Each structure stands twice: as C-alpha cells, then as structure tokens.
Amino acid sequence: MSRVPDWLLPVLVGAIVLGAWEAAVRLGGVPPYILPAPSVIAVKLVTDWTVLGPSLLFTLETTLLALISAILGGGFLAILFAQSRLIERSLFPYAVILQVTPIVAVAPLIIIWVDNMLAALLICAWIVAFFPILSNTTLGLNSADRNLVALFRIYGASRWQVLRFLRIPSAMPYFMAGLRISGGLSLIGAVVAEFVAGAGGRESGLAYRILEAGYRLDVPRMFAALFLISAAGIAIYLALSGVSYLTLRHWHESAARAEE
Amino acid sequence: MLSPIVTLDHVRKRFANGTEALGDVSLAIRPGEFLSLLGPSGCGKSTVLRLVAGLSEPSAGTIAWSRMRELGFVFQEPTLMPWSRVLGNVLLPLRLAGTPRDEAEARARAALALVGLAGFERAFPRQLSGGMKMRVSIARALVTRPPLLLMDEPFAALDEITRLKLNDDLLALWLEQRFTTVFVTHSVFESVYLSSRILVMSARPGRIAADIAIDAPYPRSDGFRLSPDYARHCAEVSAALAGAMAA
C-alpha cells in the first residue's frame, strides 16, 4: 500500500462520488433545477465561460490583493508588536475584536462608507485574512532561541540586526502556517463581501454570479460558479504550501525530508 | 605573573525570584590559562560565565576587564541558526561587526578549517552530527579571534567517544592559538585532562571552595590519561569536590 502515490486515493474517491452522483441523477430523473448532474455542470462551465471567466478573474484579483494586504499589514503589525510589549498589550485586543466580529455583520457598513467597490471588498477580505498572519508571526518573532538571543547580545547586535538576522528567520515557519490559513480566508472574505454587496455589472465576482443564477433558477450555473470558487481555494492553498516548502525545506522539520 | 584579563571582586548574584546564585565570589582569569569551573549542578558556574560575558549584571561586587570586553561563547547546545548554512553561522559575529564580506568569508573558512570542517561550508546544521555542530559552534566563537573563550558545559550532551576527541582537538587549538579559556564542567576527569587550573565550586549559594593548579605539561594526550600523575590530580580534585558538596 505504501507504493500508492499520495494523490491517487483522493482522486479515486472523487471519481467514485462523481460517478455515483451522475448515476443517481440520471436513473432517478432528478430535474437539473434541483440537482444537476456533474456532466451538465461541466458543460455549463464551458458554455458560460464568457460570464464565469471574468468573474473568476475578478474574485481572484480581490482575493490576491486582500492576501497581499494581509501579509503586509499582519507582518508590519507583528513586527511592531515584537518591538514592545506595551504596544502589543495596547493593540492586540483590538486585533482580536476585528477577528471575532462576523464579517457579514460589518460588511454592509463598510460598503456604505466606501464608495469604491473594489476597495470595500478588499477591506472586508483583509479584516478576515490578516489575523492568522498577525498572531502567528507575533508568536514566531517572540520564539527565537534564548541562547541565540544571548549570542547576539554578546556581539553587540543592534535591534535591527536582531530582527533581521534572528527574529524574522525564526518566525518564518509560523508566518508560513499563518499564510496558508490566510490564503483561504482571503477568498472567503472576498466572496462574503461580494454576497453582501450584491453588486452587478461589469465588475462582479463569482459570488454575484451565484446570487444572480439563483434568482433565475439556473442551478447548473450556481454549481459551476461554486466549483470555480472551490478550485480557486484549492489552488491558493497548494500554491502557498509550495511557497512554504520552498522557503523551509532546508532547515525546518515540517518541510525537510526524513531521509536527508 | 601577568595581570588578569578579568577580575571578579566579591561578586554576588541574587535572581529576581530571590534565589541566591552566587555568594561572594572573587577570582582572576589570567591570560593564556585554561581555567575550569567545576561543581555540582546549581552551584552557579554558568552564572559566573554569564556575568563575565555581560549577559547578566552582578547584584554586588565588581567585574573588571583589563582591556575591551571581547570574547567567544560556546553554549551547552550548539545554538546554531538552523536556517543558515554552516558558513553563514560562522560568519555571524563578523557580519554583526560589519566586517567586509570577502574578508569575513575568508576568516570564516579559516575558522572552519581549524576545527576540521573544511568542505562543510554549504551544509545546513541539521545535516551534521552533534559533534560536528559543536565544532561549528567553536569555529563561530573563535572567528573573531577573541582573547577569551567561555565554554558552558559544551560537550556534556555528546557521547563519550566524541567528547574525548573534541577534548583533544580543543586542547590542540588552545595550544596553537593561545586564547584564554574558561571551561564550565561537572566532570572531574574532563577538567583535570584539560585545565591548567581548576576552581571547585560549592552550591547554594555558589562560592569558590578550592583553587587547584594542574601542573602537568602540555601537550597532553591519551598517555596523560593513563599516568599516575593524572590519577593523583583526579583524586585531589574529587576530594575537593566532595568537601565542597559536604560543606
């Protein structure tokens, strides 16, 4: 069994589930406006691509911009927190408040206040996504080896040198763990904000396509859009796992191969 | 006799939690000597080292340097940066001091050759054995050519065979480079083999219980370990240690 490649078993499970779904819909005569067969959804993906493709791009754009802002914002705040306990103690509770307040409850306000739709969506997605990066990186910056900290002191290292050569590298595994969580959350934040905004027109993402298709009872298109959102989430997760592996493979146990 | 590099005068150390780690320690580190601090765990020998290194301040008494404070420190663990290659780890003290890159790299390579690790510059710490990591740590401590090397039970976590080999290599380096060494250990045999002088410490609060010169000539090798002279010194130091622990 150990010779079976990692990807084979989940692919097999997926194929079986899809086959059963297809068979159930066809044999049971379920109408497509209740549950479309996978083959119908696949066809829909192709025929509606002119609508779904640009929406996918729009959602991905929002997600990636939100993730980049989360990395910059979360990373900057974490470094700020690591400089002084006073700053950390003063500001951290507010970061927690931002994190625990449900984004669907705040999004309507943000959409009223911010005229630019993309900016409003970005703010919503950022609020959801920045916290894992902030809390993980803060933890990482504070977890540098005590003896290494002492060594830097012996050599008279400046605050900046300690940050640059010791604290930031020590924080990388923690930052990477936060990044993988934030990648998924950026997408969720972007989609939730789109739902709340319900914005139509040229600049609209996959969430709006789902709403729109729902009003028209175009259930296959709803499924097609849903499929694209999931696929985007999986792609983001895989990409960030790859970045994490490339960054840590030489030294961190989580990424290094056992036989090395 | 040459004037001491570092002099501790009636130094006391009480930690914030009230523990009295050192009670009235006076000692002088003489240039060129191999000084061991020997004692049971909790006798404050590591505290002495941290005070000399400036990592902690004495609660009373003074610590005086006869020149600028410059030292190398080797911890009980290799304490390497796992994300950095061997060369990068040895480069660290020079990089922190702002030494030009080319010069720093040449000196780091030379220090690695000194500890027998030429050819391992590009390796990551996790690819090395415990003994090799400790060698990297020693190379890093020596790369700035400090007049004083402080070692805090550096070989305690290593196996016997590796420890004996590192003892020999450390002595050879010390004879060649003539840096002053302060070596913390809880092994009588290790301290007698290495040292020119041993300070036996007693615990709670830490004090100097005995000051014993080991006058056997260098270079020392396995022959010294088997000599009656070695056995006599070990017996003397053991007795002093037993006395210190009973007191």
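1. A crossing of two helices is called right-handed if the near helix is turned clockwise from the far one by less than a right angle, and left-handed if anticlockwise. In this predicted model, α3(A) and α10(A) cross in the right-handed sense.

2. The two helices in question are α3, residues 49-83 of chain A, and α10, residues 219-248 of chain A. On the α3(A) side the contact is made by A:L52, A:L56, A:T59 and A:L60; α10(A) contributes A:A224, A:A225, A:L228 and A:A232. By class, this contact has 7 nonpolar residues and 1 polar residue, with no charged ones.

3. Helix α1 of chain A covers residues 8-28. Its 21 residues should span 30 Å at 1.5 Å a residue, and the end C-alpha atoms are 30 Å apart, so the two values agree. How many of the 21 residues of α1(A) are buried? The count is 0, and the helix is hardly covered. A residue would need 20 or more other C-beta atoms within 10 Å of its own to count as buried.

4. After α1(A) comes A:G29. The phi of A:G29 is positive, near 65 degrees.

5. Between the chains, the contact takes 15 residues from chain A and 16 residues from chain B. On the side of chain B that touches chain A, β5 (71-74) and α2 (86-96) of chain B each supply at least two residues. By class, that side of chain B has 12 nonpolar, 2 polar and 2 charged residues.

Note on methods:
Residues are numbered from 1 along each chain as its sequence is written. Chains are lettered from A and ligands numbered from 1 in the order in which they are written. This is a predicted model: local features need pLDDT of at least 70, side-chain atom pairs count only at pLDDT 80 or more; totals for chains, interfaces and linings use all residues. Two residues are in contact if their C-beta atoms, placed from the backbone, lie within 7 Å. Helices (H or I, at least four residues) and strands (E, at least two) are DSSP runs, numbered from the N terminus. Ala, Val, Leu, Ile, Met, Phe, Trp, Tyr, Cys and Pro count as nonpolar, Asp, Glu, Lys and Arg as charged, and the others, Gly among them, as polar. Axes are lines fitted to C-alpha atoms, for helices over the stretch in contact, and angles run from 0 to 180 degrees between N-to-C directions. The expected span of a helix is 1.5 Å times one less than its number of residues. A residue is buried if 20 or more other C-beta atoms lie within 10 Å of its own, exposed if 12 or fewer, and partly exposed in between; C-beta atoms are placed from the backbone.
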